[in-house]
Amino acid sequence: MEQSSSLSIFDSRKEERLNSGLSDQVSVRTFNTVMLLTLLWGFGVNALMVAYFTMPILRLLSGISYTWVLIGYFVFALGGVFISAKSTNPWISFLGYNLLVMPIGVVLCLMLPGIPVAIVTKALLLTGLVTATMTLLGLVRPQLFLGLGRTLLIALVVGILAELVATFLFHYTGSVFDWLFVVLFSGYIGYDVAKSQMYPKTVDNAVDCALDIYLDIINIFIRLLALLSRKE
């Protein structure tokens, strides 16, 4: 899921948001409510997919090459991020958000059946704790995070490249990279929450910010699942 750091292929879009929609602003409360509801929508869709569509998805994908599944994931996920990043229409951005949420839901449907419920529950609780803590810090002490954008991005790119090399060249399957990405995406939650409060308060920006934070949270959850599963 590191690829969700497609993240900052569109990092320049984050700067564009600072000057967008100046005539279409809503209140701070409305902005944050839309952002929260968009996040909850994404996680709700994922939960429904896991609860009701895991077996149909497994049957559908059973006869399809893993390579094609991976290509399909990238096409939909990166396409969704691109659409959301480039659109100034909140409904189109929301469409892009859903194009990202759906393939991530498929990934969760493929992952979770082999993991004990106790581990999934623990990963959910830890993810919620990390998210709440970093969100609070991002809101209360934004200056702690706003200067970290470039550092987080560089660390993320280096981490992704290092993991690819370690996995495919040296067949490394340890937990170092999982810990690294848990820490990095935790930092990204604080950064993206703090940054969201600087953008013009438009509905489109709220959806775009929700997408950023959704990616941070889902990556933490998946990495924690990997860490906890190894311990078992």
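**Reading contacts, rings and helices**

Reply: Leaving aside neighbours within four places in sequence, L137 is in contact with P142 and F145, where contact means heavy atoms within 4.5 Å. This is a predicted model, in which local features need pLDDT of at least 70, side-chain atom pairs count only at pLDDT 80 or more, and totals for chains, interfaces and linings use all residues. Residues are numbered from 1 along each chain as its sequence is written, and side-chain values use heavy atoms, with hydrogens and water left out.

Me: Where is L137 found, and how does L137 count by relative accessibility?

Reply: L137 is found in helix 5; helices (H or I, at least four residues) and strands (E, at least two) are DSSP runs, numbered from the N terminus. Buried means under 20% relative accessible area, exposed over 50%, and partly exposed in between (1.4 Å probe, protein chains only). L137, at 33% relative accessibility, therefore counts as partly exposed. The C-alpha atoms of L137 and Y191 are separated by 9.4 Å, although these residues lie 54 residues apart along the chain.

Me: How does one describe a pair of aromatic rings?

Reply: Such a pair is described by the distance of the centres and the angle of the planes. Rings of Phe, Tyr and Trp (its six-membered ring) pair if their centres lie within 6.5 Å; planes under 30 degrees apart count as stacked, over 60 as edge-to-face and the rest as tilted. A search of the whole structure finds 10 aromatic pairs. In one of them, F43 and Y214 have ring centres 5.2 Å apart and planes at 35 degrees, so the pair is tilted. This pair links distant parts of the chain, with F43 in helix 2 (residues 28–61) and Y214 in helix 9 (residues 203–231), 171 residues apart. F43 is partly exposed at 27% relative accessibility, whereas Y214 is buried at 0%.

Me: What separates F185 and Y188 in helix 8, and are they buried or exposed?

Reply: F185 and Y188 are three residues apart in helix 8 (residues 176–196), which means that about one helical turn separates them. Both residues are buried.

Me: Which residues form one aromatic cluster?

Reply: The cluster is formed by W41, F43, W91, F94, Y97 and Y214.

Me: How do helix 2 and helix 9 cross?

Reply: Axes are lines fitted to C-alpha atoms, for helices over the stretch in contact, and angles run from 0 to 180 degrees between N-to-C directions. The axes of helix 2 and helix 9 come within 8 Å and cross at roughly 45 degrees. Helix 2 is therefore oblique to helix 9; angles under 35 degrees count as roughly parallel, over 145 as roughly antiparallel, 65 to 115 as roughly perpendicular and the rest as oblique. Among the contacting residues are F43 of helix 2 and Y214 of helix 9.

Me: How do helix 7 and helix 8 cross?

Reply: The axes of helix 7 (residues 149–168) and helix 8 come within 10 Å and cross at roughly 155 degrees. That angle makes helix 7 roughly antiparallel to helix 8. Helix 8 contributes F185 and Y188, among others, to the contact, and helix 7 contributes residues including G149 and L152.

Me: At what angle do helix 5 and helix 8 cross?

Reply: Their axes, with helix 5 spanning residues 117–140, cross at roughly 40 degrees and come within 8 Å. Helix 5 and helix 8 are therefore oblique to each other. The contact includes V130 and G138 of helix 5 and S186 and G190 of helix 8.
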